Amino acid sequence: MEQDTITAISTPIGEGAIAIVRLSGDEAFAIANRVFQGKDIYEVDSHTIHYGNVVDSKTNELVEEVMMTVMRAPKTFTREDIIEINCHGGMVSVNRVLQLVLREGARLAEPGEFTKRAFLNGRIDLSQAEAVMDLIRAKTDKAMNVALKQMDGRLSGLIRQLRQELIETVAHVEVNIDYPEYDDVEEMTHEVLVEKATHVKKEVQKILQTAKQGKILREGIATAIIGRPNVGKSSLLNKLAHENKAIVTEVPGTTRDVIEEYVNVRGVPLRLIDTAGIRETEDIVEKIGVDRSRQALKDADLILLVLNGNEEFTKEDAALFEAAEGMDVIALVNKTDLDQQIDMNQVKHVAGGSPVVTTSLLQEEGIDELEEAIANTFFEGELESADLTYVSNVRHIQLLEQAESALDDALNGIEMDMPLDLVQIDITRSWELLGEIIGDNVHESLIDQLFSQFCLGK
Amino acid sequence: MYNAGQYDVIVVGAGHAGVEAGLAAAKRGAKTLMLTLNLDLIAFMPCNPSIGGPAKGVVVREIDALGGQMGKTIDKTHIQMRLLNTSKGPAVRALRAQADKVLYQQEMKKVIENQENLTLRQGMVDQLFVEDGAVKGVLTETKAAYYAPTVIVTTGTFMRGKVLIGDIEYESGPNNQRSTVKLSEQLEELGFDIVRFKTGTPPRVNSHTIDYTKTEQQPGDEVPRAFSYETTEFITDQIPCWLTYTGEFTHQIIDENLGRSAMYSGAERGTGPRYCPSIEDKIVRFHDKPRHQIFLEPEGRDTEEVYVQGLSTSLPEDIQKRLLETIPGLEKADMMRAGYAIEYDAVVPTQLWPTLETKKVDGLFTAGQINGTSGYEEAGGQGIVAGINAAAKSLDKEPLILDRSEAYIGVMIDDLVTKGTNEPYRLLTSRAEYRLLLRHDNADLRLTDIGYKMDVVTEERYERFTRKKNLIDQEVKRLKSHIIKPNEDVQNLLHELGGSPLKDGVRASDLLRRPEIKYDHIKQLIPNDETLPEDVEEQVEIIVKYEGYIEKSMQQVDKMRKMDNKRIPEHINYDDIQGIATEAREKLKKVQPLSVGQASRISGVNPSDISILLVYIEQGVRSQASNE
Ligand SMILES: Nc1nc2c(ncn2[C@@H]2O[C@H](COP(=O)(O)OP(=O)(O)OP(=O)(O)O)[C@@H](O)[C@H]2O)c(=O)[nH]1
Ligand SMILES: [Mg+2]
């Protein structure tokens, strides 16, 4: 099967210091050779790394100093020849490298296309493919663990157990149907069925509850930093990121657009969103920024609401609290190194149950407390327990939800006094749906169960 | 060798598959010849004298809806009839009849003798004529050469049949008939994969020597019922069966003599079915069970022979006698025939197309136990399909392939040709994904139309069916549109039945969905001008009451059909498809599924293989489109 050579930046944009341009396909080595000044790719051993320069062959201009990883088919992720160009020089130069290989004949990969190839070339099965996709997108070590756990089958172990319970129940219903004359197999009753279905449903719900946490781990908790202009929002972002990402000035209205940054606070992955200070403004550019801030606020999982302790609590501050009503909010009273004008009682009152932390970002005070408040909001002690199994995959969540509703249907059917052989349809359905998660859906196993559980026949 | 005649279809064998095959082919207009070893043993029941049961009983009705004979004959010749699973839902109800074995055979023979287009001859077929990969006819032991473009082999358990009782074994078909050796050898020479299966029967005892006082009576139903939609006369004097149990001593004797059982003596043996285990199997596999049920089933009206159902065994004769002595009621029973196990050759059914034509030899069909199934009903179901399709092939008409949502017969054939079987295959309701659609009460609604198109259902019957169907549709429509107001009648009725009173008017159909309401109640409240036949009322009730479930099943069927409609190109080369797992590739090459749906049902073919197959077919389609 002839396939073109695909390429993409394989580390998420803006994350970490190293970005990789990956190439996969028959032409990968040829393309790499055309842009690389260093060793001949065709000559080197597989699975080795080489230092050299990427040079624009047209202009002879040096684009980037790189490390080039060479992996020969078939022992690669996609079972095709793979080149990985490790770039250090930030997004601009990574982009130039990418442009270059595209110009040399590679095609920009569609999202997940490497995995799809790995899958199409028989390197991985469907359920793994999905876990690998999550793996690629994993934003923090924690999320990486989730993806790994999923691959090593803890989730599938749990699901197998639930399926076994369901199938034993179904087999019992079936035996009553297919062998009605066997009076020594007791009749399955509605009561027993309710008990079983309810139990499995609860377990499915438990798994689903962790799913939300799983999603958060994978994508990062969308965290909006909001506040009036000049209260210290960009300073907060920089402090949490341990890096000067956002521009900080004494001029109110400095940040005019939304800036995003991934940070890891005590194991909680945050997608920090610094916003333009929210105020009524005539400046068009700032106005657009303010609108975006409002949008960011709506989409956020967590709000860091910054107040200036050096000023009185204003109507605008109150309006921000109102806008964040019903969401997870942590209030920061900043600039504690300056004279305190703000009425803390009023702040606590307005904040309701939300935590209020006082900081001086300038003097790096109160940051520990803030980090603790963030961790507490998401972990509540529970998330870290070792044996929790997360589902972090949209498809799996969907299947679990369908299985749950199939069990609901079964319970409703029982309530409606429907015959067991009809109720059984929904129970079998939930068994099948759970099976789809772990890629196991062999109908024959019901019949195996039937004959191993009961002694039947003439 | 002499030329004994030219036919359109030749059926080899006149068991339960052969009978339906021959009749269906003849009805479809094919000049048909039926050849069988012994004209006195047509549609013989070597195992239990009973027809029907869950799933199987539905098959009998399906055969009937397709114009077949099994239902009609058992309706005329049974000694007892019961409707099973009456306490359960409509999807799993089924009839079972105890047969008068001799009458059943006689009746079948008569029907065949009187069927137009059908010739019945006695003869042992030794050889198939095969030229250029296509069947041309058959040669009998007595050197009669019959010619036809299609041949249906329905030789049951006769192929290299071998009877086993303890350490005694001899070449034989069931009931000491001659086994067929040469045919089996030829199939092997033609390249067919053959498996060795086994099954067994229990001893038969003389009724006079049974002490029935120690057993429980199992009478037939009082309400007369029938399998066939055409039956109008019902048998009223029924004969009961009897129930007794094995016990501690039975099990002890088996334990002690297990080494003397043909099946446990260590010799390499064919695979027996799990659902029809010998008593030895039961004791070994479920050692803790203190007792097993034994049903005593009379073999007919004019015989004293009683079939000891549940005691199937291949233990030596002397041990069988001792076993009987331990069973209440059978202590003094005179064993008229000993039980035995029988081993036989079966054709691996994945070598068949869903029409039951073999892939290896054009025009050659196989049906029944030769395809690895067990049971008279399973055989009959395949027989009728093979008969219809062989006739189709000869006469250049449309073939019949039933899908999994249309009939248990469709489920069975799809299972056989797609998955194969590693033990004698028995239909169970649990094998059907859509059993709510495959009810015994709607077999006619599902299949009469199809049978009519296949020319095996008469004009008269088709008209009757259309009338029934219209009545059902009209009444369902009426109930869906008629609003029942909360008047005194309704409220009183609901009160009486323990239901909650109506607050507003409801559609009659919604009221009928309440658990406490039956169609009869609705009829009381809003009488129909026309008195509807009982079977119409029954359908209306089921259709309305279980509409939600039926709809859900239909949605799944739509999904299945979508996959079944994705045809796999005829000359696909699975070796060209990269990334398919080796096991899946081998299976696909062997089964040669006609559709992606069928491919997805092959065990060992995973969803990822199907995705790849889909991508591959899609690729082919796309590249073809771009070439054009
Ligand atoms: N004294 C003092 N100054 C601070 C503190 N935190 C931030 N600042 C100063 O406040 C000014 C505004 O800080 P920024 O982080 O740019 O504020 P901002 O909320 O992002 O402002 P806009 O983007 O303009 O809305 C800068 O001069 C900071 O140095 C603090 O804790 N103490
Ligand atoms: Mg700012």
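A:Arg228 is buried, at 7% relative accessibility (buried means under 20% relative accessible area, exposed over 50%, partly exposed in between, with a 1.4 Å probe and protein chains only). The model is predicted, so local features need pLDDT of at least 70 and side-chain atom pairs count only at pLDDT 80 or more, whereas totals for chains, interfaces and linings use all residues. Residues are numbered from 1 along each chain as its sequence is written, chains are lettered from A and ligands numbered from 1 in the order in which they are written, and side-chain values use heavy atoms, without hydrogens and water.

**View 1. Salt bridge of A:Arg228 with A:Glu311.** The closest N and O atoms are 3.0 Å apart (a salt bridge is a side-chain nitrogen of Lys or Arg within 4 Å of a carboxyl oxygen of Asp or Glu). A:Arg228 lies in the loop between β8 (221-227) and α8 (233-241), and A:Glu311, 83 residues away, in the loop between β11 (302-308) and α10 (315-323); helices (H or I, at least four residues) and strands (E, at least two) are DSSP runs numbered from the N terminus. A:Glu311 is partly exposed, at 34%.

**View 2. Salt bridge between B:Lys552 and A:Asp409.** The N to O distance is 3.3 Å. This pair crosses between chains, from helix α17 (residues 547-565) of chain B to helix α13 (residues 394-415) of chain A. B:Lys552 is partly exposed at 25%, as is A:Asp409 at 29%.

**View 3. Salt bridge between B:Lys397 and B:Asp455.** N and O are 2.9 Å apart. The pair ties together parts 58 residues apart in sequence.
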